[in-house]
Amino acid sequence: MNGYGGKILRINLTTGQISKEPTPTHIAEKFLGGRGFGIYFLYTEVPRGADPLGPENKIIASPGPLSGTLAPGAGKMDFTTKSPLTGGYASASVGGHLTAELKYAGYDSIIIEGISPKPVYLYINDDEVELRDASDLWGKGSITVETELKKRLGEEFQIATIGPAGENLVKYACITHDFGRQAGRGGVGAVMGAKKLKAIAVHGTRDIPVADPQALLRLGTEAIKACKASEAFEVWVRYGTSGVTVWSNEVGAFPVRNFQAGALEDYSGLSGETMRQRIVITDKGCFGCPSPCGKYSYSKKYSIYVEGPEYETTALIGGDCVLTDIEDVAYANWLCDELGIDSISVGNVIAFAIECFEKGILTKEETEGLELRWGDPQVVFTLLEKIARREGIGDLLAEGVKHASQKLGENSEEFAIHVKGMEMSGYECHNAPAMLLSYMTCDVGAHHNRSWAITYDLQVGRDLVTDDKVDRVIYLQHVRPLFDCLGACRLQWVELSIDLGLYPPILKAITGIDRSWEDLMKISERVWNLTRMYWVREVEGFGREWDYPPPRFYKEPVTYGPTKGKRMEWDDIQRLLDTYYQKRGWDKNGIPTPEKLAELGLAEIVRIGV
């Protein structure tokens with residue numbers, strides 16, 4: 001099968017059984033790969049009601065048909081599982097070089113199930129697949145373990161690993177790869193920790209079968225030239241995502257003090273220019289990337305090397321916790337990487353804890369004498385360590401803001417910033433209806449990567465609540481996640497504006513199958529609806545209320561910045577949802593109708609998977 005490794009690798013950690021089977025052609029045709037494969041196997045193989053941290057849950061790690069090829073940015077891979085943070089669907093994408101190596105080893109998915117009786121790591125060297133003892137690695141940090149495994153196995157091996165947070169089942173622990181790249185969201189690292197799987201090490205040497213190599217060379221070269229010809233190319237490569245920080249402050253989209261404000265009073269210490277001047281030592285890209293956005297940095301203040309900080313870390317640990325020195329944020333970023341924690345969720349959690357302390361909901365007795373204050377880097381560093389090891393107050397905060405607020409009570413649910421149990425990423429949107437709807441309806445929880453619609457709010461009128469904003473959100477929810485099915489990075493399109501029309505011919509050159517862009521969008525819609533049905537199946541009473549935003553966005557106006565005084569109206573939120581459900585072909589409770597499932601070819605899968 002052109003464009004694919006050809007095999008699915010299955011690992012049962014309980015029995016130690018390892019098996020391989022051909023990649024089903026009809027699944028590749030209907031779901032493409034990446035997160036498409038992930039939700040198909042999750043829905044059809046993990047039994048209803050499975051404990052996310054129990055043996056029945058599975059981790060499905062999948063590259064896509066573009067992974068490891070000449071397509072621009074072909075370095076993305078997906079980890080899918082049942083989320084221990086939300087109880088619903090989790091999908092976390094990671095860049096780097098793991099996806100290409102897995103394809104070169106001949107695999108389109110690794111499906112990991114069961115629980116090992118002792119810590120192990122998965123060793124894959126083409127057809128040679130083993131579970132190896134990892135007892136001496138257990139307890140060590142992610143960066144430390146990646147370094148150690150490369151020393152043992154060789155630099156050609158690509159490593160994905162968890163840190164102490166994953167081992168201690170922190171509900172938003174991540175999987176780390178390539179010394180700072182993260183499969184960050186939904187607690188995929190906690191699922192690996194529950195399975196006693198410390199790491200995955202992969203090396204492959206095979207060619208990927210390609211239908212038309214000459215056409216791929218020509219089309220891939222054309223796409224890469226288009227990237228480099230973009231007017232935004234030089235600025236994007238110089239600053240990467242850190243270039244967003246100043247823009248975000250100036251438009252009032254920078255989360256500050258647990259999303260109370262939309263701008264930081266003095267953000268000069270966090271700007272992309274400051275970061276470039278003070279700590280960046282080189283650019284860093286993923287496999288096949290013509291426009292490397294990664295920045296590798298050195299903090300003299302803390303004597304650490306770290307990838308980033310990316311914008312999201314600067315926003316949630318910098319702005320939201322009011323750290324204004326880029327070197328403080330860089331050190332917190334390094335701690336997140338080494339401990340294996342999602343910096344987006346943990347930034348939210350720490351900001352929530354500080355606000356609780358400020359309001360007297362948390363006391364010094366509960367924090368073991370630690371005074372939680374805005375702008376204190378030592379508070380952030382200490383809480384990161386406590387959360388990763390579940391020490392003291394860290395044990396409660398390791399559960400995420402939804403659970404913590406439910407336990408603390410005293411109206412703290414009003415300022416727990418999450419949707420469906422997942423903490424919100426770094427865009428304040430009190431009066432950005434399209435962006436807020438993106439968070440509300442995202443299929444993993446409040447995450448920006450499925451639909452980054454705030455630029456559309458700014459383009460057409462920030463305060464307007466109109467049907468075209470719903471159309472834009474749905475369009476983005478099909479385009480952006482499609483890249484996660486293809487196994488490629490979306491940023492060449494998002495940031496450099498290369499033509500989406502370049503991708504179907506590249507996919508045809510790889511697979512030999514002629515699909516229009518509309519065909520690919522229909523596949524993405526199929527994946528989107530199956531992920532929605534996974535929530536319906538797994539969460540009792542799932543429906544409209546699960547799409548509601550945090551009360552802060554419609555009850556409290558913004559306290560500072562260019563959007564000061566703004567907030568959403570509750571009636572507008574309801575109208576957005578009504579329109580969104582209608583346009584998607586869902587009922588008024590947000591459930592896909594039988595007609596929509598039949599149209600997308602999902603009726604039989606949903607029936608069997610119930």
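Predicted model: local features only at pLDDT ≥ 70, side-chain atom pairs only at ≥ 80, totals over all residues.
Local features need pLDDT of at least 70 and side-chain atom pairs count only at pLDDT 80 or more, while totals for chains, interfaces and linings use all residues. Residues are numbered from 1 along each chain as its sequence is written, and side-chain values use heavy atoms, with hydrogens and water left out.

**Helix pair α7 and α21**

- Helix α7 spans residues 213-229 and helix α21 spans residues 503-511; helices are DSSP runs (H or I, at least four residues), numbered from the N terminus.
- Their axes lie 9 Å apart and the packing angle is about 150°, with axes fitted to C-alpha atoms over the stretch in contact and angles running from 0 to 180 degrees between N-to-C directions.
- α7 and α21 are therefore roughly antiparallel (an angle over 145 degrees).
- On the α7 side, Ala215, Leu216, Leu219 and Ala223 make the contact (heavy atoms within 4.5 Å), and on the α21 side Pro505, Ile506, Ala509 and Ile510 do.
- This contact of α7 with α21 has eight nonpolar residues, no polar and no charged ones (Ala, Val, Leu, Ile, Met, Phe, Trp, Tyr, Cys and Pro are nonpolar, Asp, Glu, Lys and Arg charged, the others, Gly among them, polar).

**Largest pocket**

- A pocket is an open set of points on a 1 Å grid over the protein atoms alone, where a 1.4 Å probe fits, with protein on both sides within 12 Å along at least five of seven lines; lining residues have an atom within 4 Å of a point.
- The lining of the largest pocket has 17 residues, and Lys402, His418, Glu545, Tyr548 and Pro549 lie nearest the centre.
- By class, the lining of the largest pocket holds nine nonpolar, four polar and four charged residues.
- Helix α16 (401-408) gives the largest share of this lining, three residues.

Notes: Helix = DSSP H or I, 4+ residues; strand = E, 2+ residues; numbered from the N terminus. Parallel < 35°, antiparallel > 145°, perpendicular 65-115°, else oblique.
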